[in-house]
Amino acid sequence: MFFSILNGTLTVCRDAAGIAGNIFAFGLFISPIPTFKRIIRNQSIENFSGLPYIYALLNCLICTWYGTPLVSHDNVLVMTVNSIGAVFQITYIVTFIVYADKEKKMRMLGMLLGVFGLLAIIVAGSLQIADRATRWIFVGFLSCASLISMFASPLFIINLVIRTRSVEFMPFYLSLSTFLMSTSFLLYGVFNFDAFIYVPNGIGTILGILQLALYFRYKAKSMEESNEPLMVSQA
């Protein structure tokens, strides 16, 4: 009786954390919209790079495959959040390709095809593994490595903030959404006893806390500088 109640409580907590993670992740997925509004308005990608969206798409696709019942158990909420993320990333990439010059267009198309080709290899290769536990470990390590690499990407911005003592290039709501999403899926992984979820999201939570701490540490300086009169160059 006790164990059934405990199991039911853990399931409710896991699902609540997973739903919260899906909601917070949506905030991350829509964060590039202002950038792409600018691209569409100017009909040019300017100096924006499409690589982050390629990496994000690969991460979403691998994690979607990990969340399917063919690979892991009771990870439907991982599958839903990453499949939605994949749709957003594909939309951004297609928009980028439409407005890119010919050379960048061909390069992005090649990388997009490479992502789908790599996913096909991962899916086909993992399905060749008859033992369910071994398949789970194989895809789990891939998804874990992919997530860690994604969460490590803000290290460049963190370094920039520390070096410049300015949070100009680290939007608060993006950092907050990253922290809340990582924390939610950290709890989800803990309640589901899934190290492939709680380990990378634990790292993401720590990096999120660091970003928020830096934001509150340096935001006053950034506000002071933004209030200074602009110097107009006569050159």
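In this predicted model, helix α2 touches helix α4 through I33, F36, I39 and I40, which meet Y92, T95, F96 and Y99 of α4. Sorted by class, that contact holds seven nonpolar residues, one polar residue and no charged residues. The chain as a whole has nine helices and zero strands. The points below cover the packing of some of these helices, then the overall fold, then the pockets.

**How α2 lies against α4**

- Helix α2 spans residues 33-42, and its axis comes within 10 Å of the axis of α4.
- The two axes cross at roughly 25 degrees.
- Angles under 35 degrees count as roughly parallel, so α2 is roughly parallel to α4.
- The crossing of α2 and α4 is left-handed.

**How α3 lies against α4**

- Helix α3 covers residues 51-67 and helix α4 covers residues 76-99.
- The axes of α3 and α4 come within 8 Å and cross at roughly 155 degrees.
- Angles over 145 degrees count as roughly antiparallel, and α3 and α4 are therefore roughly antiparallel to each other.
- The handedness of the α3 and α4 crossing is left-handed.
- On the α3 side, the residues in contact are Y53, I54, A56, L57, N59, C60, L61, C63, T64 and G67.
- On the α4 side, they are V76, V78, M79, N82, S83, G85, A86, Q89, I90, Y92 and I93.
- By class, the contact between α3 and α4 is made of 14 nonpolar, seven polar and no charged residues.

**How α3 lies against α6**

- The axes of α3 and α6 come within 9 Å, and they cross at roughly 150 degrees.
- That angle makes α3 roughly antiparallel to α6.
- Helix α3 passes α6 in a left-handed crossing.
- From α3, the residues Y55, A56, N59, I62, C63, W65 and Y66 take part in the contact.
- From α6, their partners are W136, V139, G140, L142, S143, S146, L147 and M150.

**The chain as a whole**

- Read along the sequence, the elements follow the pattern α-α-α-α-α-α-α-α-α.
- Along the principal axes, the C-alpha atoms fill a box of roughly 75 × 45 × 25 Å.

**The largest pocket**

- The largest pocket has a volume of about 1600 Å³.
- Its lining is formed by 46 residues, and those nearest its centre are P52, M150, S153, P154 and L174.
- Helices that each supply at least two lining residues are α1 (2-30), α3, α4, α6 (132-152), α7 (155-164), α8 (172-191) and α9 (195-226).
- Helix α3 gives the most to this lining, with ten residues.
- The lining of the largest pocket divides into 31 nonpolar residues, 14 polar residues and one charged residue.

- The lining of the second largest pocket consists of four nonpolar, six polar and three charged residues.

Conventions. Residues numbered from 1 in each chain as written. Predicted model: local features only at pLDDT ≥ 70, side-chain atom pairs only at ≥ 80, totals over all residues. Heavy atoms only, no water. Axes fitted to C-alpha atoms, helices over the stretch in contact; angles between N-to-C directions. Helix = DSSP H or I, 4+ residues; strand = E, 2+ residues; numbered from the N terminus. Parallel < 35°, antiparallel > 145°, perpendicular 65-115°, else oblique. Left-handed = near helix turned anticlockwise from the far one by under 90°. Contact = heavy atoms within 4.5 Å. Nonpolar A, V, L, I, M, F, W, Y, C, P; charged D, E, K, R; others polar. 1 Å grid on protein atoms, 1.4 Å probe; cavity = no way out; pocket = protein on both sides within 12 Å on 5 of 7 lines; lining within 4 Å. Points joined across faces, edges and corners; volume = space filled by probe spheres on them.
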